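Let's take a walk through this structure together, one stop at a time. Keep the picture open and follow along.

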Amino acid sequence: MQAKKRYLILLSAGACLALLFCLGGVQLPAASRSRHDRSRNGYRPDQPWPHFSDPLHLFLPWDQTDTEEYNLHISPRQKRDVKTSVYKGKRCRMDSCFDFSPCQKNGFKVYVYPLQKGEKISDSYQNILSAIEGSGFYTSDPGQACLFILSLDTLDRDQLSPQYVHNLKTKVQNLPLWNDGRNHLIFNLYSGTWPDYTEDLGFDIGQAMLAKASISTENFRPSFDVSIPLFSKEHPRTGGERGFLKYNSIPPFRKYMLVFKGKRYLTGIGSDTRNALHHVHNAEDVVLLTTCKHGKDWQKHKDARCDQDNAEYDKYDYKEMLHNSTFCLVPRGRRLGSFRFLEALQAACVPVMLSNGWELPFAEIIDWNTAAVIGDERLLLQIPTTVRSIHQDKILSLRQQTQFLWEAYFSSVEKIVLTTLEIIQDRVLEQGSRSSLMWNSHPGGLFALPQYSGYLGDFPFYYATLGVKPYPKFTAVIHAVSPLVSQSQPILKLLVAVAKSQYCAQIIVLWNCDKPLPAKHRWPATSVPVIVIEGENKVMSSRFLPYETIVTDAVLSLDEDTVLSTTEVDFAFTVWQSFPERIVGYPARSHFWDSNKERWGYTSKWTNDYSMVLTGAAIYHRYYHHLYTNYLPTSLKGMVDQLANCEDILMNFLVSAVTKLPPIKVTQKKQYKETMMGQSSRASRWADPDHFAQRQTCMNKFASWFGAMPLVHSQMRLDPILFKDQVSILRKKYRDIERL
């Protein structure tokens, strides 16, 4: 009898469980998922904190902690609907959901759909589209495209937002080139809505890639999607402000050790972490402030701490805290990402990440352990001890890296967009992809073009890191625009003087003259090869083309009427060898802000500072020829060619934008360009008042494209040792410079 009862009880229990399972009320534990490639340098649940602090062991892997607040607000059926409708392409990778053939045929070109009649887009999305259309990736021909971008605004997919685009599912499916999203990239900042804020975009993305803010490691498809930062509508389209770290303080400690100021959510997802911050706050060096005072009905949900929190919240100025703290807490909000992330980076306040499961922005290429502390929400109470244990040398390193990353990838919408596209291009053109060093060290991946070379030693930025030096010879490139009619012309004297330099490997004469090339016997005999090249289309920008005949790292750029001695050339090259990433040369110019006209001005007056060294007599790395040709837009190069002017200014803009440093002026004779033009047909250009007016126009056009003024003033001039010293002339290595 007892056995019968037991069997009946077991049978009844089994039937109930089966019924509940069928109705969706009980879910079996998810199978253990592979996490080998789920996160790069974002939150890694199976790893401890960065090596510079005590390891903080986690309780459970993140993928086994289906959060309670999430389960409270979303039914199992809704979960299934979200996962099946939005992430049908969950298993998508580049080799399964991307067609490489158009990219291999036409290169990495990006097409933006034309804006449909009656469709409105937000300012932020317009900035994204403008950045793409102004880049070298853009094509107006869909037949040439490797990647497609929607003109439909997909940034804000919160149904309660006024920016929400309705009927997007139908509109996307009706696009003639949609092809189930294949080779498409969708940008998104906000997804889901109250109360659960899921990652549902409200339409089937098919096989499209996502460039998404606040994306979780669970939904992130490695080497397919791109995690981008959450940025505000005020984020600048181009340029952007530089980081706020003006100088390095030793020791690198500030008034506060750790700060946060933001909303506290009383209910719903994201509330747990911020509600617990008061346990760590000490009102001295750890200041973590929250307020309940937001939303229409906050008073209905206020708790016992709200009034006290609100009062203390109003006592502190957020910017003052941000700029005077060593670490800034970045806890999750309603979504995984937060505006605090970019704010902390710019302020050189080392971010302390508290957002379990967030795939950090650009974590595929950025090593965030060099710029942030990756924490765990469940170990909140250990955070003060952890950050205090970080050595001051490490703090300084972290702080400096925040500034580099901010300026390289995050300071403008344009940089965020271009970084996204460059990441995808590296996947498509895998053989020419950038190394981790290129992405994580100066000047960053946007300025280190892998098409130039696969060897870091061929770039001007990595000599110190690799422990190598540039090739100890230079190639002189003389820009010729006048016919050769006399053996006494300056170009011939210049050629002989340069050829006598012990560092000269070869001389290239770029013939941009309308007259035919002179016969070979018209050129003087020299001890180094002289190669005469006919200029491409006879335009000014052709002097900066990456000619294969340039085999040395250093390029000595010369105008045909330049007057330099062999000693001056030798000295300039020895200086450049110590500064291979900069322009080193003789004729200097400067820029200034004209407050009356509210525009940038150009001056050739001899003053106590300068910001440009003209390429009529300057040495720089040959990589800048590649960058000038392949990085700068056709519009700027076209302007230079049309005016036959300003190419030297544009090169200075480019190099200063890359290095964030001024050029270097070396000792020269007192009179240079203006008094030497009488012998040349180009004299009329320098005497023409329109010439300087054009250069003023160029300055402002270039500054507009760069988004800011990249030129940097300097008051430094490098002279030879013993220059003008009262010692025997025989003791001086560059004695001839003083005799000029």
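This is a predicted model: local features need pLDDT of at least 70, side-chain atom pairs count only at pLDDT 80 or more; totals for chains, interfaces and linings use all residues.

Find helix H22, residues 647–659, and helix H24, residues 689–706; their axes come within 10 Å and cross at roughly 30°. Angles under 35 degrees count as roughly parallel, so H22 is roughly parallel to H24. As for the hand, the crossing of H22 and H24 is right-handed. Which residues do the touching? On the H22 side they are Asp-648, Ile-649, Leu-650, Phe-653, Leu-654 and Ala-657, and on the H24 side Arg-695, Met-699, Phe-702, Ala-703 and Phe-706. Sort the residues of this contact of H22 with H24 by class and you get 9 nonpolar, 2 charged and no polar ones.

Stay with H24 for a moment, as this helix also lies across strands E18, E19 and E20, running at about 135° to E19. Those strands make up an open sheet of 3, in the order E19-E18-E20, with antiparallel pairing. The edges belong to E19 and to strand E20 (612–613), each having a single partner strand, so one side of each has no neighbour in the sheet. Zoom in on strand E18 (residues 588–594) and strand E19 (residues 599–603), and you can count 5 bridges between them, in the antiparallel sense. Phe-592 sits opposite Gly-601 in E19, while Ser-590 has Thr-603 in E19 as its bridge partner. Worth a second look: most residues other than glycine have a negative phi.

There's another sheet to visit. This one is open too, with 5 strands in the order E9-E8-E10-E11-E12 and parallel pairing. Its edge strands are E9 (286–291) and E12 (373–374), each of which pairs on one side only. Over at the E12 end, strand E11 (residues 350–354) runs parallel to E12, and 2 bridges join them. There you'll find Val-352 standing opposite Val-373 in E12. Helix H10 (residues 306–313) touches strand E8 (256–263) and E9, and its direction makes about 120° with that of E9. Helix H14 (residues 392–410) touches strand E10 (325–331) and E11, with its direction at about 90° to that of E11.

The axes of H14 and helix H15 (residues 413–428) come within 7 Å and cross at roughly 80°. That angle makes H14 roughly perpendicular to H15. Here Glu-407, Ala-408, Tyr-409 and Phe-410 in H14 meet Lys-415, Ile-416 and Thr-419 in H15. By class, the contact of H14 with H15 divides into 4 nonpolar, 1 polar and 2 charged residues.

Next up, the sulfur links. How many disulfides does a search of the whole structure find? There are 5. One of them joins Cys-103 to Cys-146, with 1.8 Å from S to S. The link of Cys-103 and Cys-146 is right-handed, with 75° about the S-S bond. Cys-103 is in helix H5 (residues 101–106) and Cys-146 is in the loop between helix H6 (123–133) and strand E2 (147–149), so this pair ties together parts 43 residues apart in sequence.

Finally, a few stops in the loops. Gln-502 is in the loop between helix H18 (490–499) and strand E14 (504–511). Gln-502 and Asp-570 are 68 residues apart in sequence, yet 7.3 Å apart in space, C-alpha to C-alpha. Setting aside its neighbours within four places in sequence, Gln-502 is in contact with Lys-473 and Asp-570. Another loop, between helix H16 (436–440) and helix H17 (463–466), holds Pro-443. The peptide bond joining His-442 and Pro-443 is cis, with omega about 5°. Last, look between strand E6 (209–212) and strand E7 (226–227) for the loop where Ser-214 lies. Ser-214 is not a glycine, but its phi is positive, near 60°.

Conventions: Residues are numbered from 1 along each chain as its sequence is written. Side-chain values use heavy atoms; hydrogens and water are left out. Axes are lines fitted to C-alpha atoms, for helices over the stretch in contact, and angles run from 0 to 180 degrees between N-to-C directions. Helices (H or I, at least four residues) and strands (E, at least two) are DSSP runs, numbered from the N terminus. Angles under 35 degrees count as roughly parallel, over 145 as roughly antiparallel, 65 to 115 as roughly perpendicular and the rest as oblique. A crossing is left-handed if the near helix is turned anticlockwise from the far one by less than a right angle, and right-handed if clockwise. Contact means heavy atoms within 4.5 Å. Ala, Val, Leu, Ile, Met, Phe, Trp, Tyr, Cys and Pro count as nonpolar, Asp, Glu, Lys and Arg as charged, and the others, Gly among them, as polar. Two strands pair if DSSP finds at least two bridges between them. A disulfide is a pair of cysteine sulfur atoms within 2.5 Å.
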